[in-house]
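Thanks for coming. I will take a few minutes to walk through one structure for those who have not seen it before.

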Amino acid sequence: MSLILTEEQEMLQDAANGFLTENAPVAALRKIRDSKNPDGFCRKLWKEMADMGWAGIIVDEKFGGSEFGYVGAGVLAEQMGRNLTASPFFSTSVLGATAIQHYGTDKQKDAHLGAICDGSTLFALAVDEGPRHRPEHIEFAATPHGNGYKLSGAKTFVADGHVADKLIIAARTSGEANDPSGITLFLVDADAAAIERTHTPMIDSRNAANIKVDGLEVTGDDILGEVDGGYEALEGILSAGRAVLGAEMSGSSQQAFAITTDYLKEREQFGQKIGSFQGLQHRAAHLATEIEMTKSAVLKSLQLLDDDFDSASATCSMAKAKSGMTAQLSTQEAIQMHGGIGVTDEYDVGLYFKRVHVAQQMFGDAGFHADRLAKRSGY
Amino acid sequence: MSDLEQFRAETRAWLAEYCPEEMRDGDITAENQCWGGRQWEFQSDAQKRWFEAALEKGYTVPTWPKEYGGAGLTADEAKILTEERDRINARKPLSNFGISMLGPALLAYGTHEQKLQHLRGIARGEIRWCQGYSEPGAGSDLASLKTKCEDKGDHWLINGQKIWTSNADISDWIFCLVRTDFDAPKHKGITFILIDMASEGISVKPIVLISGHSPFCETFFDDVKVPKAYGEGNLSVVGEVNRGWDVAKNLLVHERGMLGTLSPLRGAKGPENLGSFAAEEIGLDDAGRLDDPALRQKIAQAEIDDWAYTLTVERMNDEANAGNGLGAKSSMLKYAASELTKKGSELRMDIGGTEAATIGPDGIEYDSLANTWLYNRAYSILGGTTEVQLNIISKRVLELPSA
């Protein structure tokens, strides 16, 4: 397979670019932030995205999706990263849809995929239990109760958890806290009385929730995937999430860099354009090279998810690591090269800097994935 | 079956029949490649058979036109040939600077007669070429070169010195940049000329590097007479007199493309398989992690960078085949490849510790970790330094303003 977009994927890219720069640019994010919008996104806009087939971008056509695969999801995420578009796309259409489509029963697919595609049901994934991403470290307890289980425990940084209709919770059905086996995924209604959600606004103007569950009773029908074998499903969902976050960060890197190079061509000091200074030129050229490397890494991971989903884990890790490092560099340089205005709230580069930081932390930063790669390679 | 599928099937069958088993070990070092030239002696019967089989098909230079010794393959067909060759890990039947640098420039700027003589000589492995660009006073500022070329009516008279001429001591011809006009602005007085190394007045002196033995030489021109033409229409000058800079730039793009993708560079102990090497040398802790956490992180980061680089070569090739030429982006590949190659051998030296810094009774052993590590410092200098590549990216890709 060629490492370039197909004609169809390029058309999707053009359409997304046109729609988002028109309807969901950085200014829209500012408005959501400044008006303290409790949802953290625009519901009307989300409906329009769903009508265009974006909410069901990875979902098979037979369930009402547009079946564009993960490359399609990445194409959209990249444009969202360019525009800092806030929407439930990632938590619902990437994480939720992957969970149901790859690990759900036929009954669960029938019940949920259509509602993902039309934008009516929002999902959120509850995995981490502390400030750093540690997906094996699950203490959240699922204890046998009658014919089912009783869930109790706490989860942190559940992205879009404050608005979700459905929660996918990783809970421990057996084993010790750091044991990958013994984890089971449960799919539950987010508004159940036993669930307490605390809205946690984030530095990037996105929203998440801390979740406390106290004795929520669930049945076998609420299990997603295998009992005790949930880590494999979690790996699959996280891999898809990592690759798509990589695409989003690649988009943010490119846009922050484009804003910066424009500024280098226009800003004058010492009687000349600052872009003529070699000290800045070489840093810009290095960053441009890193951005090209990142595009390749991200596209490869998305293609592999479409091609051979179960083998994509390591590749998605590497793409997340590479895109995270590049996005961090791109947004740091964006602020530094803008000088004083780079640290003002009025200027957009700071918003990219903040978003990229949260996206880096989400599902493991570059160091986390380097560790995973080393472990996997036997060193 | 589509034409390309048909081509793949035929290529696979041809390789199975004609590529000897002994030639299926990849192009690991410069030493096991077939370089050709007047002084060339095949290292094995298999190497000779493989070269001759490829020659007959035009596969020593697959994309060149048939009349000049190639097979006239399209970009898609050439990609298939490379893929199929890589699939069985076959060596290249022939490698040299004629194929990767002079050839493409001659295809773009040469006359039919020049192409007939020189391209066919390259394709057949008869002539080994070296490159006369840098001078002691003209490194990164190549256009300031001063080797003097005077018009003496029926011949040119050349005096001066070139440096960093790789393999000048075993090459047959040299493509050379010389100054034909000392009064014009520096880029406007340069001419691109082809010279037989056997000409009277040329002498060569090898250069010893920090790594020991090296392919680099100094080449001296002392009243060297070069004919205006080697035959009807077959001039010694390529392109127009005083317009050699255009040819030189075209060739430099090919050189960067080659340095960015050529396997010997990336095979020169870059970051691939660093982890397993480290595990072997240093050992693992109780949790199965390399027993040196700081080094472990650095190795893993380098492996990720290396992986992304390899994919970028693939992506840029795919884009070029789809009609979006690489252009100045070849500087990105050259920059990334050189830095990664240095990084890989630095990490190997760190892993090897003091043992890797030990030398043999005759000095630094060829192909040892230290030898590679020291030699690799040259990669971000030769073919345009890292800083020159960054200048090119700034100006030609990002279009940042000039001072």
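**A first residue, then the chains**

With 11 C-beta neighbours inside 10 Å, A:Glu268 counts as exposed, since the cut-off for that class is 12 or fewer. Before I go on, please keep in mind that this is a predicted model. A:Glu268 sits in strand 9 of chain A, which covers residues 268-269. If you go from A:Glu268 to A:Ser2, you move 266 residues along the chain, and the two C-alpha atoms are 43 Å apart.

Now chain B as a whole. It has twelve helices and eight strands. How does its radius of gyration fit a compact globule of 403 residues? Such a globule would be near 22 Å, and chain B has 22 Å, so the two agree. The C-alpha trace of chain B spans about 80 × 55 × 50 Å along its principal axes. Of its 403 residues, 42% count as buried. Taking the contacts in chain B with a separation of 6 or more, 72% come from residues 24 or more positions apart.

Next, where the two chains meet. On this interface, 35 residues of chain B are in contact with 33 residues of chain A. Which elements of chain B give two or more residues to that side? They are helix 8 (274-282), helix 9 (293-321), helix 10 (330-356) and helix 12 of chain B. Helix 9 of chain B gives the most, with 15 residues. Sorted by class, the side of chain B that touches chain A has 21 nonpolar, seven polar and seven charged residues.

One helix pair across the two chains is worth a look. Helix 8 of chain A, residues 278-307, packs with helix 12 of chain B, residues 386-397, at an angle of about 80°. Their axes are 8 Å apart. Helix 8 of chain A and helix 12 of chain B are therefore roughly perpendicular to each other. From helix 8 of chain A, the contact uses A:Gln281, A:His282, A:Ala284, A:Ala285, A:His286, A:Ala288 and A:Thr289. From helix 12 of chain B, it uses B:Glu387, B:Leu390, B:Ile393, B:Ser394 and B:Val397. By class, this contact has six nonpolar, five polar and one charged residues.

Helix 5 of chain A brings A:Thr92, A:Ser93, A:Gly96, A:Ala97, A:Ile100 and A:Gln101 to the contact. Helix 6 of chain A brings A:Gln108, A:Lys109, A:His112, A:Leu113 and A:Ile116. By class, that makes four nonpolar, six polar and one charged residues.

The other pair is helix 9, residues 313-338, and helix 10, residues 349-361, of chain A. Here the angle is about 160°, with the axes 9 Å apart. That makes helix 9 of chain A roughly antiparallel to helix 10 of chain A. The crossing of these two helices is left-handed. On the side of helix 9 of chain A, the residues in contact are A:Gly324, A:Ala327, A:Gln328, A:Thr331, A:Ala334, A:Ile335 and A:His338. They meet A:Val349, A:Gly350, A:Tyr352, A:Phe353, A:Val356 and A:Gln360 of helix 10 of chain A. By class, this contact has seven nonpolar, six polar and no charged residues.

Last, some backbone angles. Most residues other than glycine have a negative phi. What is phi of A:Lys36? It is near 50°, a positive value in a residue other than glycine. A:Lys36 lies in the loop between helix 2 (26-34) and helix 3 (43-51) of chain A. With 8 C-beta neighbours inside 10 Å, A:Lys36 counts as exposed.

A:Glu67 also has a positive phi, of about 50°, although it is not a glycine. Its place is in the loop between helix 3 and helix 4 (69-83) of chain A. Is A:Glu67 exposed or partly exposed? A:Glu67 has 15 other C-beta atoms within 10 Å, so it is partly exposed.

That is what I had; I will take questions now.

Key. Residues are numbered from 1 along each chain as its sequence is written. Chains are lettered from A and ligands numbered from 1 in the order in which they are written. This is a predicted model: local features need pLDDT of at least 70, side-chain atom pairs count only at pLDDT 80 or more; totals for chains, interfaces and linings use all residues. Two residues are in contact if their C-beta atoms, placed from the backbone, lie within 7 Å. Helices (H or I, at least four residues) and strands (E, at least two) are DSSP runs, numbered from the N terminus. Ala, Val, Leu, Ile, Met, Phe, Trp, Tyr, Cys and Pro count as nonpolar, Asp, Glu, Lys and Arg as charged, and the others, Gly among them, as polar. Axes are lines fitted to C-alpha atoms, for helices over the stretch in contact, and angles run from 0 to 180 degrees between N-to-C directions. Angles under 35 degrees count as roughly parallel, over 145 as roughly antiparallel, 65 to 115 as roughly perpendicular and the rest as oblique. The radius of gyration is taken over C-alpha atoms; the globule rule is 2.2 Å times the number of residues to the power 0.38. A residue is buried if 20 or more other C-beta atoms lie within 10 Å of its own, exposed if 12 or fewer, and partly exposed in between; C-beta atoms are placed from the backbone. A crossing is left-handed if the near helix is turned anticlockwise from the far one by less than a right angle, and right-handed if clockwise.
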